[in-house]
Amino acid sequence: MVVLFRHMHGRIYSNNGPQAMKLYFDALKPGGILGIEQHRLPENRARPEKLTGYIKESELIKLAEDAGFKFAGKSEINANPKDTADWPNGVWTLPPTLQLGDKDKDKYLAIGESDRMTLRFVKP
């Protein structure tokens, strides 16, 4: 099993997402599981020019399937509908980082952590 937590945005923005997925695929035996928890950008939004930590669920699923994985399901356990994914400093505006310090701190604490997808893939 390979489990990734809030990791793929850096790979995708640095254009080495396909290489990373291939490494995860090659590391697993047939039947192996890839689990991904990642900050979720709404599907109706264009990916921002700057790194915000958010990526589209469809983009991540395609990346994994292009590497050979089969999509095996998802969970909304880490969903947060209060997160609008449009913060001044991306996901780092929200807790636990609170990158803006005390500026609007109560507002961001009330929102909570980012909206996240939780995806499961299997190596055939």
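Reader: Why is Glu76 called partly exposed?

Author: Its relative accessible area is 42%, and the label partly exposed covers what lies between buried (under 20%) and exposed (over 50%), using a 1.4 Å probe and protein chains only. So Glu76 counts as partly exposed. Keep in mind that this is a predicted model, where local features need pLDDT of at least 70, side-chain atom pairs count only at pLDDT 80 or more, and totals for chains, interfaces and linings use all residues. Residues are numbered from 1 along each chain as its sequence is written, and side-chain values use heavy atoms, with hydrogens and water left out.

Reader: What makes Arg40 and Glu76 a salt bridge?

Author: The N to O distance is 2.9 Å, and a salt bridge needs a side-chain nitrogen of Lys or Arg within 4 Å of a carboxyl oxygen of Asp or Glu. So the pair qualifies. Arg40 sits in strand β2 (residues 33–41) and Glu76 in the loop between β4 (70–75) and α4, so the bridge ties together parts 36 residues apart in sequence. Strands here are DSSP runs of E, at least two residues, and helices are runs of H or I, at least four, numbered from the N terminus.

Reader: Why is Arg40 called buried?

Author: Arg40 has 11% relative accessibility, so it counts as buried. Both residues also belong to a salt-bridge network that links Arg40, Glu57, Lys74, Glu76 and Asp115.

Reader: How do you know that Glu113 bridges to Arg6?

Author: Their closest N and O atoms are 3.1 Å apart. Glu113 is in the loop between α4 (105–111) and β5 (116–122), and Arg6 in the loop between β1 (2–5) and α1 (8–13), so parts 107 residues apart in sequence get tied together. Glu113, at 32%, is partly exposed, and so is Arg6, at 31%. Glu113 also meets Arg116 in a salt bridge, at 3.5 Å from N to O. Arg116, at 8% relative accessibility, counts as buried.

Reader: And why is α2 called oblique to α3?

Author: Helix α2 (residues 17–27) and helix α3 (residues 57–66) pack at about 55°. Under 35 degrees is roughly parallel, over 145 roughly antiparallel, 65 to 115 roughly perpendicular and the rest oblique. So α2 is oblique to α3.

Methods. Axes are lines fitted to C-alpha atoms, for helices over the stretch in contact, and angles run from 0 to 180 degrees between N-to-C directions.
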